[in-house]
Amino acid sequence: MRNFAKSFAAIAAISALALTSCGREDTGTGTEGGGEAAAGFEEGAAIGVALPQKTSENWVLAEQLFNDGLTEAGYEPDVQFANGGVSEQQNQISSMITNGVEVLIVGAIDGAQLGTQLQQAKDAGITVIAYDRLLTNTENVDYYVAYDNFQVGELQGQALLDGMAERGEGPYNIELFAGSPDDANAQVFFDGAMSVLQPEIEAGNLNVVSGQTEFNQAVTQGWKAENAQRRMDTLLTGNYTDTELHGVLSPNDTLARAILTSVKAAGKDLPIVTGQDSEVESVKSIMAGEQYSTINKDTRDLVAHAITMVEGLAAGEELEVNDTETYDNGVKVVPAYLLEPQIVTQENAAEAYADDPTLSELTK
Ligand code: BGC
């Protein structure tokens, strides 16, 4: 399967090259580097950055960082959110293509719904970088840059176990939450966490009292806090009136706080709750002893790397990647540059956020 995926990717790379070479003629310096490198382009080129909805702070931070970083590097950024949903994002990407961007950086709402626009991009010789979320079911994505999503899930699963063990011996009663099913990351976070939790469930050390152990049962549509809060309310009334809840796997901070709100409203003791993103309110909650953990995926580093990729493409270079096996998007394995996420609890928060002016203030 893996080999098949690899040879498919190779064929896709060759056809991508062929398409590139019969694409734009006015893009400058040529592709001596080979591989999937696009023709270089000049300083001042337009770069499109399509961001999803503002479902977590990292996206909001990315907007400013892309605007400042791309401008500083000599490009003309066009950074847009699609708060109205998938069709708004499709329209924004089409406009960026019409306006002549050289590179498209896409944080998709639904990575499977941009096939038409990405084909347009490829036809126009534009390089497409999937940012944070994978673009799926398309040949027309050149690179993926993200924090290692599977590892995020593993760290969350382990933190859940560690947090509960700090409070006492098992077996423990837990519930599982996943992110939005249209975001390709959600399944990967869940799979990473379950790679740690499933053996413990099978060994009888963990008990998912509701019985809802499948991804489809655990999802939170649109990554919306109110959806997680509502599901937690239902889980509590249906399963925990006379039963203690020891832990909840939450895929991110926004949902972690919604889960904690629900548990507080039910008047129950707070369980160990995981998170992700190092959002200000969650770091405060961790320092106050409520949320147990989060993940540090410094947005500054991710955006900086995406901009480095743009610079490499401008120079006509083949980009450095560090994973060519994991991110099979259903059509090809997308060459990825993955950054390493870090688990953060009260114990290491001061150290983890030492170079973050906003978050380090909260850990004092
Ligand atoms: C990102 C997470 C974020 C979530 C909701 C995911 O794709 O990787 O960092 O919490 O989207 O915005």
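Which residues in helix 9 are buried?

Author: Happy to. This is a predicted model, in which local features need pLDDT of at least 70, side-chain atom pairs count only at pLDDT 80 or more, and totals for chains, interfaces and linings use all residues. Residues are numbered from 1 along each chain as its sequence is written, and side-chain values use heavy atoms, with hydrogens and water left out.

In helix 9, the buried residues are Asp253, Thr254, Leu255, Ala256, Ala258, Ile259, Leu260, Ser262 and Val263. Buried means under 20% relative accessible area, with exposed over 50% and partly exposed in between (1.4 Å probe, protein chains only). Helices here are DSSP runs of H or I with at least four residues, strands are runs of E with at least two, and both are numbered from the N terminus.

What do those buried residues pack against? Their partners are helix 8 (225-239), strand 8 (247-249), strand 9 (272-273), helix 10 (280-287) and strand 10 (293-296), where contact means heavy atoms within 4.5 Å.

As for the helix itself, residues 253-265 make up its 13 residues, and it reaches 18 Å from first C-alpha to last, close to the 18 Å expected at 1.5 Å a residue. That expected span is 1.5 Å times one less than the number of residues.

Now to the two ends. After helix 9 comes Gly267, which has a positive phi near 70°.
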